[in-house]
Amino acid sequence: MKIGDPLNRSTDHGPQNHKAHLDKLLEFCQMGIKEGATLVYGGKQVQRPGFFFEPTVFTDVQDHMYIAKEESFGPIMIVSKFKTGEVDDVLRRANATEYGLASGVFTRDISKALYVSERLNAGTVFINTYNKTDVAAPFGGFKQSGFGKDLGQEALNEYLKTKAVTIEY
């Protein structure tokens, strides 16, 4: 991920919007380490002016861990293992969170990817990519991850006054 100016099209992730959020990301990473997840990369503030945070990857993440249950809203990826062939168990685990903003599926099996994407309780599902979207595609979460949609036709509906009139005579 390229960290930098959010107005530059080649940037993948800009700065956090305030110091409190940067501090939350640092605490998030400390909690992951404390609970036994393996910090593979990142986990620190970028040494430059601004509230920039390094792209971060954790492995050996268990479902009960704080970093598996909470949304960081930062450039943090967690990796949890599953046994091959236990797709329905993976879906159960993925859907057990109270959040559902976005999810990612990485596989060579397109049938499995479509099966999983249909059953994930998330407003956006990326397959073999992440965070690539278009202004015409609606964006918004399920459960505690949002109400309504940004972008696309669904966002325009928020500006409409829909009225139903029933007449009997």
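Guide: A nonpolar core is a set of buried Ala, Val, Leu, Ile, Met, Phe, Trp, Tyr and Cys residues joined through side-chain atoms within 4.5 Å. Keep in mind that this is a predicted model.

Visitor: Fine. Which residues make up the largest nonpolar core here?

Guide: Eleven residues do: L22, L25, F28, C29, A37, F53, F58, V61, M65, I67 and I76. As a rule, nonpolar side chains tend to be buried together in soluble globular proteins.

Visitor: Which element gives the largest share of this core?

Guide: That's α1, with four residues.

Visitor: What makes H21, L22, L25, F28, C29 and G32 of α1 count as buried?

Guide: Buried means under 20% relative accessible area, and these six residues of α1 are in that class. Looking down the helix axis, the buried residues of α1 fall within an arc of 110 degrees, so they line one face of the helix. A20, E27, Q30 and K34 sit on the other side and are exposed, and that label takes over 50%.

Visitor: What do the buried residues of α1 pack against?

Guide: Three elements: β2 (56-59), α2 (66-69) and β3 (76-78).

Visitor: Why is G123 called partly exposed?

Guide: Its relative accessible area is 24%. G123 lies in the loop between α4 (110-119) and β6 (124-127). Neighbours within four places aside, it is in contact with G100, L101, G140, G141, F142 and K149.

Visitor: How many domains does the assignment give, and how far apart are their centres?

Guide: The domain assignment gives domain 1 (1-81) and domain 2 (82-168). Their C-alpha centres lie 22 Å apart.

Visitor: What makes the two count as being in contact?

Guide: Seven residues of domain 1 meet the contact criterion with seven of domain 2. About 640 Å² is buried between the two domains, with carbon and sulfur atoms giving 39% of it. D63, E71 and K81 lose the most area on the domain 1 side, together 60% of what that side buries.

Visitor: To step back, what elements does the whole chain have?

Guide: Five helices and seven strands, in the order α-β-β-α-β-α-β-β-α-β-β-α from the N terminus. Of the 169 residues, 28% are buried. The C-alpha trace spans about 70 × 45 × 25 Å along its principal axes.

How values were computed:
Residues are numbered from 1 along each chain as its sequence is written. This is a predicted model: local features need pLDDT of at least 70, side-chain atom pairs count only at pLDDT 80 or more; totals for chains, interfaces and linings use all residues. Side-chain values use heavy atoms; hydrogens and water are left out. Buried means under 20% relative accessible area, exposed over 50%, partly exposed in between (1.4 Å probe, protein chains only). Helices (H or I, at least four residues) and strands (E, at least two) are DSSP runs, numbered from the N terminus. The arc is that of the directions from the helix axis to the C-beta atoms. Contact means heavy atoms within 4.5 Å. Domain bounds come from an automatic or database domain assignment. Buried area is the accessible area (1.4 Å probe) that two parts lose on being put together, summed over both.
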